[in-house]
Amino acid sequence: MRILLITGPGGAGRTTVAAATAVAAARTGQRVLLLSADPGDHLAALVGEQTGEPVEAAPGLAAVPAAGVLVARVDCGGEFREELVALQERGSALLGMVGAWPLGAEELTELPGAEQFALLRALRRAAAAPGTDLVVVDLPPLHQAVATLALPAQLRRYLARLLPAERQAARALRPVLAQLAGVPMPAQWLYEAAARWDEELAAVQAVVEAADTSLRIVAEPGPGADAALRTGLLGLALEQLPVGAIVANRMVPQGSPDPWLAGLAAQQEKYAAQWAGAEWAGDVPVLPLGHLGRDPAGLEDLIGLAGAEGLVPGAAGDSRPSRAWVVEDRRADDGVLVWVVPLPGAHKRDLDLVRRGDELLLAAGPYRRIVPLPSALRRCTVSGAALAGGVLRIRFTPDPDLWPRRP
């Protein structure tokens, strides 16, 4: 099974492109599941009236046949209520000790961030959907999508720091430790919940990082989209999430006698050409998608868009290798090891890095990521860094007290 993630700057038409891509793939004979977290009715207006009864596309994921594909909506509120009620039930003893009254499911309203968690859980379920060839995921806008896709790895790190597994192994000593410390130790249910969360997060992370998962960015060529695209691609590079293609959406036809349309078409062509050859975009192909002259609505419009060359996943080389961060051994010449971090489009003023123990905190523009150091670099000290040609090279000098001496 292949998974295609689609995002883009807000208002660029990513939901339309996601629906058209799903229809295009279905018309080639593929069994397609279209997954969306959009709470509005935009998707319904695109795919037309849904027909048939809901079916279970995957365990816990309902879908409705529409436009030749299965369309699944993420119930963010339901996911939030279900999870919080289950968490209260597991911690009922602790809540009773402090005199707390549990909240009922009917009085719970989802909190900010619940949508991302629900979408990630639905993505994991969709990846296990039987009899499906392709899952097309309509992600949130670009900046939010970067944060959402980075969330599993970040939360797993937080859990490992706050509730390390080695403390769970010492649960037999908790009564004694509680008496010595004078405070109650974390209950077993908390560690069990953390283990379950880590397992779910690891499964989602595996789906996001899988070789069969690709990412497309939808943008309408112009100065605003250009700035958003540069920033978003930088965030994706920091998270080592490769982009398979950029869809240049709503392209106005060339050669119009109307000066306004001619000027708009020229501007779009200019930016689309820049994206195709920009250093910060790498060698990502640009797929032009024409403007219908109106807002797309219904299956006929989607079929018209679905005929665009390269829209079917795989035709544009969506499966692309991730930007590996390699360690170069330059001890013989310069006495250092160099960690090569590709960050196309980055500027020196936007970068910051801090070494903390065996981890490196790296900031690029509005994005931050904490990554564990490779084993060889943990025995070194950071001795400098330089950015050139969209590549950050971090120099590490071996620590004589930690580095094994040569015989």
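The model is predicted: local features need pLDDT of at least 70, side-chain atom pairs count only at pLDDT 80 or more, and totals for chains, interfaces and linings use all residues. Residues are numbered from 1 along each chain as its sequence is written, and side-chain values use heavy atoms, with hydrogens and water left out.

Start with the overall make-up. The chain has 12 helices and 16 strands. These are DSSP runs numbered from the N terminus, with helices (H or I) of at least four residues and strands (E) of at least two. The chain has 407 residues, and 43% of them count as buried. Buried means under 20% relative accessible area, exposed over 50%, and partly exposed in between, with a 1.4 Å probe and protein chains only. Now take the contacts in the chain with a separation of 6 or more: residues 24 or more positions apart account for 70% of them. A contact here means heavy atoms within 4.5 Å.

Next, the interior. In soluble globular proteins, nonpolar side chains tend to be buried together. A nonpolar core is a set of buried Ala, Val, Leu, Ile, Met, Phe, Trp, Tyr and Cys residues joined through side-chain atoms within 4.5 Å. The largest such core holds 74 residues. Leu33, Leu35, Val137, Leu233, Leu236, Trp339 and Leu343 touch the most other members. Leaving aside neighbours within four places in sequence, Leu35 contacts Leu61, Ala72, Val74, Leu119, Ala122, Leu123, Ala126, Val136, Val137 and Asp138. A second, separate core has 31 residues, including Ala22, Leu134, Val218 and Leu305.

Turn to the helices. Two packed helices are described by the angle between their axes and the distance between the axes. The axes are lines fitted to C-alpha atoms, for helices over the stretch in contact, and angles run from 0 to 180 degrees between N-to-C directions. Helix α10 (residues 223–238) packs on helix α11 (residues 259–277) at about 15°, with the axes 10 Å apart. That angle makes α10 roughly parallel to α11. Angles under 35 degrees count as roughly parallel, over 145 as roughly antiparallel, 65 to 115 as roughly perpendicular, and the rest as oblique. From α10, the contact uses Pro223, Ala225, Asp226 and Leu229; from α11, Gln267, Tyr271, Gln274 and Trp275. By class, these are 5 nonpolar, 2 polar and 1 charged. Ala, Val, Leu, Ile, Met, Phe, Trp, Tyr, Cys and Pro count as nonpolar, Asp, Glu, Lys and Arg as charged, and the others, Gly among them, as polar.

The second pair is α5 (residues 114–127) and α6 (residues 142–162), whose axes come within 10 Å and cross at roughly 70°. That makes α5 roughly perpendicular to α6. Glu115, Gln116, Phe117 and Leu120 in α5 meet Gln144, Thr148, Leu151, Pro152 and Leu155 in α6. This contact has 5 nonpolar, 3 polar and 1 charged residues.

Finish in the loops. Thr132 lies between α5 and β6 (134–138). Its relative accessibility is 13%, so Thr132 counts as buried. Beyond four places in sequence, Thr132 touches Met1, Arg31 and Leu33. Lys348 sits in the loop between β11 (336–342) and β12 (351–356). At 72% relative accessibility, Lys348 counts as exposed. Its C-alpha atom is 9.3 Å from that of Leu392, 44 residues apart along the chain. Pro296 belongs to the loop between β9 (286–290) and α12 (299–306). The C-alpha atoms of Pro296 and Ala20 are 9.9 Å apart, with 276 residues of separation along the chain. Not counting residues up to four places away, Pro296 touches Thr16, Leu46, Asp301 and Leu305.
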